[in-house]
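Me: I am new to reading protein models. Could you walk me through a few features?

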Amino acid sequence: MTELACGLSIGGHALPNRAFLAPMAGITDAPMRRLAERFGAGLVVSEMIASNALATGHHDMVRKLGKSGNLPHMVQLAGCEAEWLVRGAEIAAAAGADIIDINMGCPAKRVTNGYAGSALMRVPDEALRLIEAVVNATPLPVTVKMRLGWDEDSLNAPDIARRAVDAGVKMITVHGRTRQQFYKGTARWNLVAAVVEAIDVPVVVNGDITDLGAAQTALEQSLAAAVMIGRGAQGQPWLVGQIGAALDGQEGPAAPQGRDLVDLIAEHYESILGEYGIQVGVRVARKHLDWYLEAAGGASDPQRRKELLASEDPADVLGMIPQIYGDWRLAA
């Protein structure tokens with residue numbers, strides 16, 4: 001595959017720009033990824049998928065495998081047993097995955113208590129055994145997302161990244177915090193530079209990238225090839241594409257306002273209902289509706305907000321969306 005203008009590719013899959021949507025459990029489902037891609041994201045990643053649950057046919061994990069658009073389909077798997085990660089990669093490949101990402105960054109206790117996610121950084125030899133098993137089991141390019149280390153006494157991302165690349169990994173993403181920081185404090189993008197210097201595949205910097213200025217500073221300090229945007233895209237799925245275009249000196253998509261914003265939010269809401277069904281979807285959609293409120297930068301009437309977020313009647317919600325969002329203008 002021919003590389004595009006940004007000159008960045010993963011295992012032969014060319015990417016249109018250097019700004020990616022991060023995998024976020026319960027957030028970057030197919031409806032969210034479709035919107036981010038429409039607005040020009042350089043790459044979108046599935047929600048974290050538990051490999052053992054996927055291998056046993058868990059409905060929700062199978063749903064998360066769904067392809068969302070025309071970008072390379074990157075599926076993130078989590079697990080602590082080679083058997084299940086390998087089987088998960090095989091199932092993902094059969095479902096149309098183009099790239100397999102191994103999660104070594106999730107700090108949640110429900111994940112790390114099972115020695116998956118960022119807990120793997122405490123046991124580098126075991127982490128490498130899992131990586132090697134997946135790389136050897138699939139022809140798809142394999143990538144890894146990690147943190148700086150487990151804690152301040154074990155900032156071992158450069159060493160683990162080097163060993164992962166020696167095993168065949170094609171890209172490394174580093175969140176600029178340790179696991180023990182969770183999401184507290186600030187991401188230390190400068191510490192990602194040691195990972196860049198240790199390996200010869202693209203490194204992506206992640207953490208606290210909420211606007212173009214932060215993206216530019218993160219790239220300067222980390223020396224990374226690209227940025228990955230997570231919480232900053234909540235309520236503004238156009239942000240990733242805007243940053244990606246701007247990093248390449250191009251004009252990005254305008255943030256939707258007025259009627260366009262109303263239509264987008266209504267479309268997102270209905271897509272969520274289609275993805276999950278009405279009973280579950282009305283609850284899943286609430287956090288997105290709330291994030292759109294926050295991103296819009298205006299003060300909403302507390303009672304109207306309560307009604308919007310509590311309603312389980314899609315018709316009522318769709319009727320309230322134009323009233324609540326229609327006249328707002330997004331904050332710069």
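Reply: Gladly! Keep in mind that this is a predicted model. Let us begin with two residues: F39 is buried, and W238 is buried as well.

Me: How many aromatic pairs are there, and how do I read one?

Reply: The general idea is that a pair of aromatic rings is described by the distance of the centres and the angle of the planes. Here the count is two aromatic pairs. One of them joins F39 and W238, with 6.1 Å centre to centre and 70° between the planes. Planes over 60 degrees apart count as edge-to-face, and that is the label for F39 and W238.

Me: Where in the chain do F39 and W238 sit?

Reply: F39 is in the loop between α1 (30-38) and β4 (43-44), while W238 is in the loop between β11 (226-229) and α10 (239-247). They are 199 residues apart, so the pair links distant parts of the chain. Ring pairs also bring in Y292, giving a cluster of F39, W238 and Y292.

Me: Which residues lie over the face of a ring?

Reply: R122 lies over the face of W150, 4.5 Å from the ring centre. Likewise, R147 lies over the face of Y183, at 5.0 Å from the ring centre.

Me: Now helices. At what angle do α9 and α10 cross?

Reply: The axes of α9 (residues 212-222) and α10 come within 10 Å and cross at roughly 55°. That angle makes α9 oblique to α10. The crossing is right-handed. On the α9 side, the contact is made by L212, A215, Q216 and L219; on the α10 side, by I243, A246 and L247.

Me: How many residues of α10 are buried, and what covers them?

Reply: Seven of the nine residues in α10 are buried, so the helix is mostly covered. Among them are L239, V240 and I243. The cover includes β3 (19-21), α9 and β11. Just after α10, look for G249, which takes a positive phi of about 70°.

Me: What about α11 and α12: roughly parallel or roughly antiparallel?

Reply: Angles over 145 degrees count as roughly antiparallel. The axes of α11 (residues 258-276) and α12 (residues 278-296) cross at roughly 150° and come within 7 Å, and the two helices are therefore roughly antiparallel to each other. α11 passes α12 in a right-handed crossing. Residues making the contact include L264, H268 and Y276 of α11, together with I278, H288 and Y292 of α12.

Key. Residues numbered from 1 in each chain as written. Predicted model: local features only at pLDDT ≥ 70, side-chain atom pairs only at ≥ 80, totals over all residues. Heavy atoms only, no water. Phe/Tyr/Trp six-rings, centres within 6.5 Å; stacked < 30°, edge-to-face > 60°. Helix = DSSP H or I, 4+ residues; strand = E, 2+ residues; numbered from the N terminus. Buried < 20%, exposed > 50% of the residue type's maximum accessible area, 1.4 Å probe, protein only. Lys NZ or Arg CZ within 6 Å of the ring centre and 35° of its normal. Axes fitted to C-alpha atoms, helices over the stretch in contact; angles between N-to-C directions. Parallel < 35°, antiparallel > 145°, perpendicular 65-115°, else oblique. Left-handed = near helix turned anticlockwise from the far one by under 90°. Contact = heavy atoms within 4.5 Å.
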